[in-house]
Amino acid sequence: MSLRYYIQGIGAVSPQATWDSGVFLDEPLHYEENILKSVTPDFKQYINPVALRRMSRIIRIGMSAARICMTDAGLAMPDGILTGTGYGCADDTIKFLQEMLANNEQHLTPTHFTQSTYNALSGAIALSLRCTNYNTTYVHRAFSFESGVLDAMMQIADAPQKRMLIGGFDETDPHHYNITRRVGYYKEETVRNFDLYTSGTRGTIQGEGASFITLGAEPTSNAYATLDGVQTLFGVRDAAQLRAAVERFLAARGISAAEIDVVVSGRSGCVVNDKLLLEVQDDLLPHATKAYYKHLTGEYSASAAFGAWVAARILREQRIPAAMLPTGAPAAIRRVLYLNQYMGGEYAMMLFTAV
Amino acid sequence: MPRVYVTGMGAISAIGHNVAEAFQSLCDEWSGIGTMQYLHSQHASMPVGEVSLTDAELGAMTGLPDTTGLTRTTLLSIIAAKEAIRDAGITISEANGIRTGFISATTTGGMREFERYFHELQDPKAVGDFNQYADTLDSADHTEKVAAILDIHDYISTVSTACSSSSNAIILGAQLIKHGHLDRVICGGADALCKFTINGFKILMILDSEPCRPFDQTRKGINLGEAAAYLVLESEALARDGRVIWGELTGYSNTNDAFHQTASSPNGDGALLSMQQAIMMAGLSSSDINYINAHGTATENNDLAEGMAIQRLFGTQPPLFSSTKAYTGHTLAAAGSLEAVFSLLAIAHDRFYTNLNFKNKMEELEIEPIAESISKMVDIDFDPIENVLSNSFGFGGTNTSLLFSKVKDA
Amino acid sequence: MDSLILDLKKELIERLNLEGMTPDDIADDMPLFGEGLGLDSIDALEIIVLLDKNYQIKITDPKEGRKIFHSVKTIAEYITEQRALAAANPPA
């Protein structure tokens, strides 16, 4: 099949100052807490002030990332808006719930309820653009962004003129943090984010952000890379199974493991959950440079969107920022494999190639 | 591209614990809307469409030895998905080489349990059985638990686009088959009633304290319901082996109103576009549609927008249309797949359903839904039902239409 | 009445998240919806909750709200009227 899928633009708001396209994680922010919140741009640059009034923080973050991405891609009207998220608009959801419980189901705030829906961001983007095209939201933990990518790729295959806006977003929330810490999601001890991978303990740190890509079949002058495929894996039992799945994924695209130059790894700093991922990236891809990002953004369900953002930039700029703690410095970077695990439950990969 | 057929259906809702019971209720014009029995809320006076079983009874119905940590949404989901698989007459096994997916939809996932145990869960010192619900608010929780129980591993995903969620799950399933990623997909949605949504719709003042009246001039809002419903979609090659085929998914469309955060455009622009595109995809014209299972929530806004869209597309003599929300309540994420089941039953049995509680034509419209009087006119020779359009619209401006067609030479 | 109007303005700014606005920016008779302040249907629901919570005034029909919520002044008049009614007919 001759059709290729080009990343025509990108945009991210994260706990690093990523909205500025002039810098690429060059001066990373250091954190000494287990919850990493986004560094936000001046929202008025991206969102009209009247609309801004009723938007929650995460909707503002998501809208800004989407706008940055569209401007970067020179895209005025997407043919589809696809978002992925784990907990969605967590802050509004929890606020409405707390009000409901505290006030015995009286005097609640309608705005919290209307903003609590998972598709609030995809709807808000459509509304701001008056975009009546395809609009959906996937809410499957660490398959959320990946589901959007696969959906968009199929629609581009159906109609190659289509240009799709695909994003992933999640927001930190102290209640979720406390609650899921009960089942071992987050570290018991406070960790410095740059010490995440040497902590030697269970759990990770919570993060957030919103990242978007514009995907289309045309190799625009601004294209960063091609996105050659996405695969999600559910019910992975051992490293052999994961390794076989990665090999099949690469073989289906006609390449071997030795051709992967860089692995953007979804290592989370949890000694238990990272085990299979690390084993496979070391055994199957020993020659590839490994680069990490979850210490920069924290862990969240839709963090693969940030993974795509870094993979695209690595390929266009032909360099891996030192902040990603790369294990090497490849001379030329042609192929990047994004390989992720989330809480030891979901595994996923995406393949990117330089243009 | 392969055609996509429906070979199995499962549903549990206020009007029946399985598809056969639901069909009987629809034919008998029996509404499942009643007083709140199983959910404990300050707004117990609000009529709802509850599944008339306790969590323990649902647990027993699943046939599983242990249902620890399964939310009500998950229990509903397992029951309906298992029925769909039985109905399709299939066995799921990695060994048979049939690539199988499970795509579910939900708007609130495990909120019912989360809101019950929220205080305990967020208190790091509290200990107890509630710990099993620590991450069940996550929408993927029910999908993964059901997929594991059904032994489905090839592809899973979860959709949440408010009240159109499970229609979009069906669209993704169809796309994955058409593009050759999967051979078979079980897709649909599930939502258990919870205080969160009761209070949300109540504060928006679109919850009716009386039984809801879709497309009626006096309508005052929705009754909430709970349900799970799934379809088994298969590629043509797989489906054509002598098993019953309920119908073909010939068209689908997802559009956005881009009008308002929670309201539909009153002239029905988005709804019109989604119906038009679904009909176009199927290669049909509007005159080929025999029945429309409308979204018809009974809110002032939805029914006006949808009614206007039907009138603009079909004129003042539209196909028979009705909302089944007055039977089941608005089952949110499950509504699209539940009504897909009803649409396929309409095709299989050449039946359409009375729009319960309709008495007064809306002032703004020239058209009206299937009133009781029409459905009783047994001597009228109606066209056989070959093509049914099923609409689902929701917050965030989401509009989805599915088009199911009769499969003739099956 | 003037103190009620000022209270209402402060409450509206807070509840409706009117960022950067002060009570002085809202004239007593400025239309709240449409051309004036540009509020919408969700704001109307927020005002209904505000009146219930802070003034124990229940509005059950959002359409009724539209007339009452024309401006801060009309809201204040409605509150005053309802208070007078309540004083004349104390709950049994």
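How many residues of chain B are in contact with how many residues of chain A? In this predicted model, 49 residues of chain B contact 45 residues of chain A. On chain B, the side that touches chain A draws at least two residues from each of several elements: helices H4 (111-122), H5 (140-150), H6 (165-178), H7 (195-203) and H9 (269-281), together with strands S4 (155-159) and S8 (247-256). By residue class, this side of chain B comprises 26 polar, 17 nonpolar and six charged residues.

The fold of chain A was examined next. Chain A contains eleven helices and ten strands. Its radius of gyration is 19 Å, close to the 20 Å that the globule rule gives for 355 residues, so chain A is as compact as a globular protein of that length. The C-alpha trace of chain A extends over about 60 × 50 × 40 Å along its principal axes. Of the 355 residues in chain A, 61% are buried. Among the contacts in chain A with a separation of 6 or more, 79% are made by residues 24 or more positions apart.

Leu250(A) belongs to helix H8 of chain A, which covers residues 239-252. Because 24 other C-beta atoms lie within 10 Å, Leu250(A) is classed as buried, the criterion being 20 or more. When neighbours within four places in sequence are set aside, Leu250(A) is in contact with Ile255(A), Ser256(A) and Ala257(A). Pro321(A) lies 71 residues from Leu250(A) along the chain, and a distance of 25 Å separates their C-alpha atoms.

How values were computed
Residues are numbered from 1 along each chain as its sequence is written. Chains are lettered from A and ligands numbered from 1 in the order in which they are written. This is a predicted model: local features need pLDDT of at least 70, side-chain atom pairs count only at pLDDT 80 or more; totals for chains, interfaces and linings use all residues. Helices (H or I, at least four residues) and strands (E, at least two) are DSSP runs, numbered from the N terminus. The radius of gyration is taken over C-alpha atoms; the globule rule is 2.2 Å times the number of residues to the power 0.38. A residue is buried if 20 or more other C-beta atoms lie within 10 Å of its own, exposed if 12 or fewer, and partly exposed in between; C-beta atoms are placed from the backbone. Two residues are in contact if their C-beta atoms, placed from the backbone, lie within 7 Å. Ala, Val, Leu, Ile, Met, Phe, Trp, Tyr, Cys and Pro count as nonpolar, Asp, Glu, Lys and Arg as charged, and the others, Gly among them, as polar.
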